Amino acid sequence: MGEETQQQLQPQSLTGTQIQPHPPPQDPSEITVSAVSNVAGVETIIPVESELTNVPPHTNSPATKIPLRPRKIRKVSPDPTTTDSQSETLKSTNSTAAGKSCGRNTKTVQPLRALAAPRIVARSLSCEGEVEIAIRYLRNADPLLSPLIDIHQPPTFDNFHSPFLALTRSILYQQLAFKAGTSIYTRFIALCGGEAGVVPDTVLALNAQQLRQIGVSGRKASYLHDLARKYQNGILSDSAIVNMDDKSLFTMLTMVNGIGSWSVHMFMIFSLHRPDVLPINDLGVRKGVQILYNLDDLPRPSQMEQLCEKWRPYRSVASWYMWRFVEAKGTPSTAVAVATGAGLQQHQMEQHQQQQQQQQHPSQQQLMDPMNSMFNIGAACAWGQ
């Protein structure tokens, strides 16, 4: 039965089929195989062509198992055809997959970007509304300043003198009481033909003897001439001073004989109205910081930068409140009156008010006088720093 089944499965069309080799062609690279078929008594030769060149003979070799090590594929450089958005998508997808493989749920990791804190750029304090902005900022930056801001009038920075005139004034007031300095300054202005006549050429034209006749010492005369000479040589100019940054201005002005760091700080605050100047050598500001922060000792100038860092970028306004704070304690600042260009009439009014207070509270005034003298001497000496 099995044999009959096998015979039935063979197709009749292949009965008597013989495969005979075809004569080799001239081209040895081609081999033709012919199949002879006998269908219904007709022999048919069917050529079969195949290219067997370079085909290795088939061998039944046992399968071998070669251990394969997984290779880590690392992308060295980004594909130039890949857009930025696609790259971000790939990064987030890979980070999410890595989190799942570690057995924890992670959020999509976004690329880290440096978040720069917004930097406040302060304008000149003479700009409209800038003092109000500074006061609001200082209230939030240092709550201890809020009571001082509430009880004192806000500072004003509306008076402006030319830089050369302001620097000349600061030299003339060095190491002098306010009244004596005002007297000499008034005579100096008259000698120059008014404040508009205080220019480098005019100052250089005044010799030491002329200046000595109005009360200017020989040393101060050399300071005035050195300042005027640097203007004349082009090292300094009003326009250059106004446009310099604080650091460059400090460097250039301290090159002038007789102008030190304290004088430069006063000039920057009250003449140029710079918003972020901290007079670290000013005795009044240091004393105010000591009282404000309840310090045991008067802070050294090297400590002032760190203590007052929170006041940036309005340290000039905060220094103003330190002066007012110390004055409220009974220590008026003569140096600030000089720097602000206060008139003699205002100074006389202040003296009159002090005399009235002395008549009303004599015992209290006796306690304050030594401290007033100390601050006035320190302020006067500071002009020579």
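These are my notebook entries on a predicted model of one protein chain.

**Overview**

I started with the whole chain. I counted 18 helices and three strands. Of the 385 residues, 35% count as buried. I also looked at contacts between residues at least 6 apart in sequence, and 60% of these join residues at least 24 apart.

**Helix α6**

Next I checked the length of α6, residues 178–192. With 15 residues at 1.5 Å a residue, α6 should span 21 Å, and I get 21 Å between its end C-alpha atoms, so the two agree.

Which residues of α6 are buried? My list reads F178, G181, T182, I184, Y185, F188, I189 and C192. Because they cover an arc of only 170 degrees around the axis, I put them on the same side of α6. The general rule I had in mind is that an α-helix has 3.6 residues a turn, so residues three or four places apart point the same way. On the other side of α6 I found K179 and A190 exposed.

I then stepped past the end of α6 to G193, which follows the helix and has a positive phi, near 85 degrees.

**α12 against α15**

I moved on to a helix pair: α12 (residues 261–270) and α15 (residues 315–328). Their axes come within 11 Å and cross at roughly 105 degrees. That angle falls between 65 and 115 degrees, so I call α12 roughly perpendicular to α15.

Which residues make the contact? From α12 I noted M266, I269 and F270, and from α15 S316, W320 and W323.

W320 sits in α15. Buried or exposed? Its relative accessible area is 13%, so W320 is buried, the cut-off being under 20%. Leaving aside neighbours within four places in sequence, I find W320 in contact with Q153, P154, P155 and F270. I also took the C-alpha separation of W320 and I269: 9.4 Å, for two residues 51 apart along the chain.

H265 belongs to α12. With a relative accessible area of 11%, H265 is buried too. Again setting aside neighbours within four places, I list F250, V277, L278, P279 and I280 as the contacts of H265.

As background, most residues other than glycine have a negative phi, and most peptide bonds are trans.

Where did I find a cis peptide bond? It joins R312 and P313, with omega about 0 degrees. P313 has its place in the loop between α14 (301–307) and α15.

H273 is not a glycine, yet I read a positive phi of about 60 degrees for it. I located H273 in the loop between α12 and α13 (283–292). H273 counts as buried, since its relative accessibility is 4%.

N294 is another non-glycine residue with a positive phi, here about 55 degrees. I found N294 in the loop between α13 and α14. N294 is exposed, with a relative accessible area of 66%, whereas H273 is buried.

How values were computed
Residues are numbered from 1 along each chain as its sequence is written. This is a predicted model: local features need pLDDT of at least 70, side-chain atom pairs count only at pLDDT 80 or more; totals for chains, interfaces and linings use all residues. Side-chain values use heavy atoms; hydrogens and water are left out. Helices (H or I, at least four residues) and strands (E, at least two) are DSSP runs, numbered from the N terminus. The expected span of a helix is 1.5 Å times one less than its number of residues. Buried means under 20% relative accessible area, exposed over 50%, partly exposed in between (1.4 Å probe, protein chains only). The arc is that of the directions from the helix axis to the C-beta atoms. Axes are lines fitted to C-alpha atoms, for helices over the stretch in contact, and angles run from 0 to 180 degrees between N-to-C directions. Angles under 35 degrees count as roughly parallel, over 145 as roughly antiparallel, 65 to 115 as roughly perpendicular and the rest as oblique. Contact means heavy atoms within 4.5 Å.
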